[in-house]
Amino acid sequence: MEFASSFFIEEERVKYNRVFTALVDELDTISLEFRYFKKVQWGDDFSIYAVNRFVNEEDHLFFVSFAKDSDGNWVIMTI
């Protein structure tokens with residue numbers, strides 16, 4: 001799970017590491033449900049994508065924000 005959380009900004013890594021650890025047995029199923037991302041906004045050093053997912057028979061829209069860190073690597077800012 002440390003590897004997965006390394007894709008988040010440093011301030012969010014601990015939080016998402018706990019999430020990944022708690023959901024480890026369900027990650028394959030969850031990842032299949034998040035396959036179709038739509039680019040919403042982008043620039044040279046940031047990008048925002050949206051994905052629809054049904055949760056408890058309700059349609060939800062999730063946004064995922066990416067930005068370049070100080071080393072020029074793309075990291076996840078928020079989900």
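Which residues does Ser 65 touch, not counting residues up to four places away in sequence? In this predicted model, Ser 65 touches Ser 47, Ile 48, Val 75, Ile 76, Met 77 and Thr 78 when residues up to four places away in sequence are left out.

**Strand β3 and its two partners**
- Strand β2, made of residues 46-55, runs antiparallel to β3 and is joined to it by 10 bridges; within this pairing, Tyr 49 stands opposite Val 64 of β3.
- Strand β4, made of residues 74-78, also runs antiparallel to β3, and four bridges join the two; here Ala 67 has Val 75 in β4 as its bridge partner.

**The hairpins**
- The hairpin of β2 and β3 has two residues between the strands, and in this hairpin Asn 56 takes a positive phi near 50°.
- The hairpin of β3 and β4 has five residues between the strands, and in this one Gly 72 takes a positive phi near 85°.

**Buried and partly exposed residues**
- Ser 65 counts as buried because its relative accessible area is 16%, and the cut-off for buried is under 20%.
- Phe 63, which also lies in strand β3, counts as partly exposed because its relative accessibility is 40%, a value between the limits of 20% and 50%.
- Together with Val 40 and Leu 61, Phe 63 makes a nonpolar surface patch of about 260 Å².

Key
Residues are numbered from 1 along each chain as its sequence is written. This is a predicted model: local features need pLDDT of at least 70, side-chain atom pairs count only at pLDDT 80 or more; totals for chains, interfaces and linings use all residues. Side-chain values use heavy atoms; hydrogens and water are left out. Buried means under 20% relative accessible area, exposed over 50%, partly exposed in between (1.4 Å probe, protein chains only). Contact means heavy atoms within 4.5 Å. Patches are made of residues with over 30% relative accessible area and no salt bridge: like charges are joined within 9 Å, nonpolar side chains (Val, Leu, Ile, Met, Phe, Trp, Tyr) within 5 Å. Accessible areas come from the Shrake-Rupley method with a 1.4 Å probe; for residues, only the protein chains shown count as cover. A salt bridge is a side-chain nitrogen of Lys or Arg within 4 Å of a carboxyl oxygen of Asp or Glu. Two strands pair if DSSP finds at least two bridges between them.
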